[in-house]
Amino acid sequence: ENGLGLKEFVESKGLEFVCISDKEAEMDKHLKDTEILITTPFHPGYITKERIENNPNLKLSITAGIGSDHIDLDAARKNGLIVTEITGSNVVSVAEHAVMQILALVRNFVPAYKQVVNGEWDVAEIAGKSYDLEGKVVGTVGCGRIGQRVLQRLKPFECKDLLYYDYAQLESSVEKEMG
């Protein structure tokens, strides 16, 4: 949608920038002229052996995020296609998604949704298995760029404790700031 903020920069260098939303059919239309392909973890185009072999102009495949399971790495290596990732580019999205999942679980969202879709609504059943985050202990396994952002986003919920487990302890000022 926003071309990862690269469109203006790429075009200022005299290069063509193509941003697609259909991960398969539309990509094939442009791939033969593509030298650098950028995908995102949430919308990868599958870079198969056939696509790599049929598009010798393709020199670099960048994943804006973590993961290259959408790329045939053996074919990439054999054909000289460089595969790389931009770790950290999606830490905010991942942290927000984790908080959303926490809220969906504690508020019993999925069963409530299923009831509504089925034309039912038993608020007592849903509320009986629903909880507030306020006053609860919430923790993360790991407290790197994502884990810290998860805990920061949970702070306004006034949890009893926000905890983390990591091999390296955060600085006390950061721990204090996160609560």
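**Close-up views of a predicted model**

**View 1. Strands β1 and β2 side by side.** I38 has I62 as its bridge partner in β2. Strand β1 (residues 36-39) and strand β2 (residues 60-63) run parallel, with four bridges between them. Strands pair here if DSSP finds at least two bridges between them; strands (E, at least two residues) and helices (H or I, at least four) are DSSP runs numbered from the N terminus. L37 and T39 lie on the covered face of β1, while I36 and I38 lie on the uncovered one. In a regular strand, side chains alternate between the two faces of the sheet.

This is a predicted model: local features need pLDDT of at least 70, side-chain atom pairs count only at pLDDT 80 or more, and totals for chains, interfaces and linings use all residues. Residues are numbered from 1 along each chain as its sequence is written, and side-chain values use heavy atoms, with hydrogens and water left out.

**View 2. F109 in helix α6.** Helix α6 spans residues 109-117 and includes F109. F109 counts as partly exposed because its relative accessibility is 48% (buried is under 20% relative accessible area, exposed over 50%, partly exposed in between; 1.4 Å probe, protein chains only).

**View 3. The cysteines.** The whole structure has zero disulfides (a disulfide is a pair of cysteine sulfur atoms within 2.5 Å). C143 is in none; the nearest cysteine sulfur, that of C159, is 14 Å away. C143 is buried, because its relative accessible area is 3%. C19 is at 41% relative accessibility, so C19 counts as partly exposed.
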